[in-house]
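Student: I would like to learn how to read salt bridges and helix packing. Can we work through an example together?
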Amino acid sequence: MNSNVENLPPQVLRLVYKEVSALAADPPEGIKIYPSEEDITELHTAIEGPEGTPFAGGVFRMRLVLGKDFPAAPPKGYFLTKIFHPNVGHKGEICVNVLKRDWKAELGLRHVLLTIKCLLIHPNPESALNEEAGRLLLEDYAEYASRARLLTEIHAMGGSGGTSGNPHEPADGPQPKKHAGDPNKRAVGAAAQAANGAGVNGSTSGGSSSSNSNIVAKKKTDKKRALRRL
């Protein structure tokens, strides 16, 4: 999504910067803030799954996008971590009243984040974006909770849906060489050793044959000399 920094008036940008700085210094409980130095109109956050819910133990990455009409118009919220929730669409879009008809410019971003966290505790099946999750919540809570818990364990507990989203760093400590244990490399090394050994043996064998020939020739010469003396 394109940045709206150039579309917002300077006074609005100053207010947003002030509020985001305050959030980063003193975030709501269970919420981490990751402000972007390049684009103040997109705020990345991580929300801890509330205890007593199917999302407990998980960390859910989310972003808020401020449009060109902010704060007259509400920000848009998206879950980046996959979640099974009635009010979260398949593309991560969030449906909550504070981001729609209940929005007021004076509410601020802190209120939005707290409302979204509360949505994990009290889903609203009447305005469901995920109809299956909304239906299960009303008709079979055990199945809903089981599905929500499963996706939490898969996507929000130390996997690809964690707080960083960064590529995996190499493990600490010395790393093995790329060819270590490679049977092809071992075969090449063995072949080289065998070739060297053959060369050594060949030269040794050749040296032994040459030495034996010299001894035979010398014996023949000595025998001829002895016959001449007779």
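Student: Is R147 buried, partly exposed or exposed?

Tutor: Start with the scale. Buried means under 20% relative accessible area, exposed means over 50%, and partly exposed lies in between (1.4 Å probe, protein chains only). R147 has 25% relative accessibility, so R147 counts as partly exposed. A word on the source: this is a predicted model, where local features need pLDDT of at least 70, side-chain atom pairs count only at pLDDT 80 or more, and totals for chains, interfaces and linings use all residues. Residues are numbered from 1 along each chain as its sequence is written, and side-chain values use heavy atoms, with hydrogens and water left out.

Student: How many salt bridges does the structure hold?

Tutor: A salt bridge is a side-chain nitrogen of Lys or Arg within 4 Å of a carboxyl oxygen of Asp or Glu. The structure holds four. One of them joins E132 and R147, at 3.0 Å from N to O. This pair links distant parts of the chain: E132 sits in helix α3 (residues 131–139) and R147 in helix α4 (residues 141–155), 15 residues apart. Helices (H or I, at least four residues) and strands (E, at least two) are DSSP runs, numbered from the N terminus. E132 is partly exposed, at 35%.

Student: Which residue forms a salt bridge with R63?

Tutor: E42 does, with the closest N and O atoms 3.2 Å apart. R63 lies in strand β3 (residues 59–65) and E42 in strand β2 (residues 42–48); the two are 21 residues apart and link distant parts of the chain. R63 is buried, at 18% relative accessibility. E42 is buried too, at 16%.

Student: What separates E153 and R149 along helix α4?

Tutor: About one helical turn, because they are four residues apart in α4. E153 is partly exposed, at 41%, and R149 is partly exposed, at 29%.

Student: Now helix packing. What describes two packed helices?

Tutor: The angle between their axes and the distance between the axes. Axes are lines fitted to C-alpha atoms, for helices over the stretch in contact, and angles run from 0 to 180 degrees between N-to-C directions. Here, the axes of helix α1 (residues 10–25) and helix α2 (residues 108–121) come within 8 Å and cross at roughly 50°. That makes α1 oblique to α2. Angles under 35 degrees count as roughly parallel, over 145 as roughly antiparallel, 65 to 115 as roughly perpendicular, and the rest as oblique.

Student: Which residues make the contact between α1 and α2?

Tutor: Contact means heavy atoms within 4.5 Å. From α1 come E19, V20, A22 and L23; from α2 come G108, L109, R110 and L113.
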